[in-house]
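Please walk through this protein with me, starting at the ligand and ending with the backbone. Keep the structure in view as you read.

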Amino acid sequence: MAAHVLSLGLDSQNNQENGNFPCESGMEKAYEKKYRELLPTLPIGKGWMTEHVVQYQGFWLMPDLSLKPLWWIHDEFKVQPTDIFLASAPKTGTTWLKALIFATINRTHYDFSTSTHPLLNSNPHECVPFLDTYPLQSQETFSGLDSLPSPRLLATHFPLSLLPESMVSSTSGCKFVYICRDPKDVLISNLFFFNKFRSEELGPLSLEEAFELFCQGVSHVGPYWDHVLEYWKWSLQNPEKILFLKYEELKKEPLVVVKRLAEFLGQPFSLEEERNGVVQEIIKLCSFRNLSNLEVNKTKTYKYTKDVVANNNLYFRKGETGDSNNHLSHEMMEHIDKIFQEKLSGSGLSFGA
Ligand code: PAP
């Protein structure tokens, strides 16, 4: 087994395609047999970051980053009734929503105007950890999560149907906030992001390849339409359990959406807070302009797993709606719109074509 360290976006010479992680944690060892037996039986697709993705229970996953942690979550993660989960497919607004939820929930704990606010000194991914990769970080158990203050804020890219019953059951008490984004912008954002992580041997994924894969549903935790649809349908059935948001709505009416978010999370803004401009302060704090210009997000790194490190600035590219117009041809955009119109047809959900 090659002792490679996947060093994402840091130094292309260090970026190594890596089928195995070097120092196995207890979690990784515990699931090694199951992993080795299952892996050869799964359908394989071309990966955006790693060479391959595999299809597991209907969704495409990067096996090394996903399968063992998923099983671990099923077997070991203990949900708390106050937990708040931020669910999303990659590149749909996760970083932004992490910041907004963190700032909203903790608004009485930290002063926005002082430099001690955690969001001014840490990347939003450090403030709201990913449950998915938590077991691949240095901790070998979820015990570190137990010490997080309540309500715990955790994030997942996993599709709804892959999550354990303990998280999604209506009696578990915990809540979900889901964010989705226009698929064309998701495709472009994914392409730029994952190309920073590919090894020299693999070379960058071309726009045409990415387009083909995306339209076939082959992207991490894709098909993207199924990821969105599962959470969308769930939100219609369980509006108290899950709040369904769109990146575009957040861009257009941040004030309305952040107030809805606070209300949904059981911490509505008081009239006094509104009068004092607290909502605006949160929006300003979490804005692309503010976060992307912070020293921590310009120069520091985020440890995605114990072997995967990413530059924080990779999480802030353009932060706009419609950037896909600058990259996709008219035909490509029409094709994606048509696919999503068909896939979402009858669901009540649409992306502004
Ligand atoms: P992740 O899944 O890896 O966590 P995620 O945060 O969902 O990534 O998506 C990153 C996108 O959100 C980037 O979009 P772009 O490539 O089209 O530019 C990033 O720029 C954008 N983004 C990050 N922070 C903000 C923000 N504060 N406001 C608006 N967009 C943001």
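The space taken by the ligand is the largest pocket. A pocket is found on a 1 Å grid over the protein atoms alone: it is an open set of points with protein on both sides within 12 Å along at least five of seven lines. A molecule sits in a pocket if more than half of its atoms lie within 2 Å of its grid points. This is a predicted model, where local features need pLDDT of at least 70, side-chain atom pairs count only at pLDDT 80 or more, and totals for chains, interfaces and linings use all residues. Residues are numbered from 1 along each chain as its sequence is written, and side-chain values use heavy atoms, with hydrogens and water left out.

Now look at the ligand's surroundings. Of the 20 residues around the ligand, Lys 91, Thr 94, Thr 95, Ser 189 and Lys 318 come nearest. Near means that a heavy atom of the residue lies within 4 Å. By class, this shell holds seven nonpolar, nine polar and four charged residues. Here Ala, Val, Leu, Ile, Met, Phe, Trp, Tyr, Cys and Pro count as nonpolar; Asp, Glu, Lys and Arg count as charged; the others, Gly among them, count as polar. Helix α4 (residues 94-105) gives the largest share of the shell, three residues.

A side-chain N or O atom of His 157 is 3.1 Å from an oxygen atom of the ligand. Tyr 247 places a polar side-chain atom 2.7 Å from a ligand nitrogen atom. Gly 319 uses a polar backbone atom, 2.7 Å from a ligand oxygen atom. Taken alone, the ligand exposes 640 Å², and the protein buries 98% of that. Such areas come from the Shrake-Rupley method with a 1.4 Å probe.

Step back to the whole chain. The protein has 18 helices and 10 strands. These are DSSP runs, numbered from the N terminus: helices (H or I) have at least four residues, strands (E) at least two. Along its principal axes, the C-alpha trace spans about 60 × 50 × 40 Å.

Finally, check the backbone. Most residues other than glycine have a negative phi, and most peptide bonds are trans. The bond joining Ser 150 and Pro 151 is cis, with omega about 0 degrees. Pro 151 lies in the loop between α7 (143-146) and β6 (153-156). Gln 57 has a positive phi of about 50 degrees, although it is not a glycine.

Notes:
A polar contact is a pair of N or O atoms within 3.5 Å; within protein, one must be able to donate a hydrogen and the other to accept it, and residues adjacent in sequence count only if both atoms are side-chain atoms. On a 1 Å grid over the protein atoms alone, a cavity is a set of points where a 1.4 Å probe fits but cannot get out, and a pocket is an open set with protein on both sides within 12 Å along at least five of seven lines; lining residues have an atom within 4 Å of a point.
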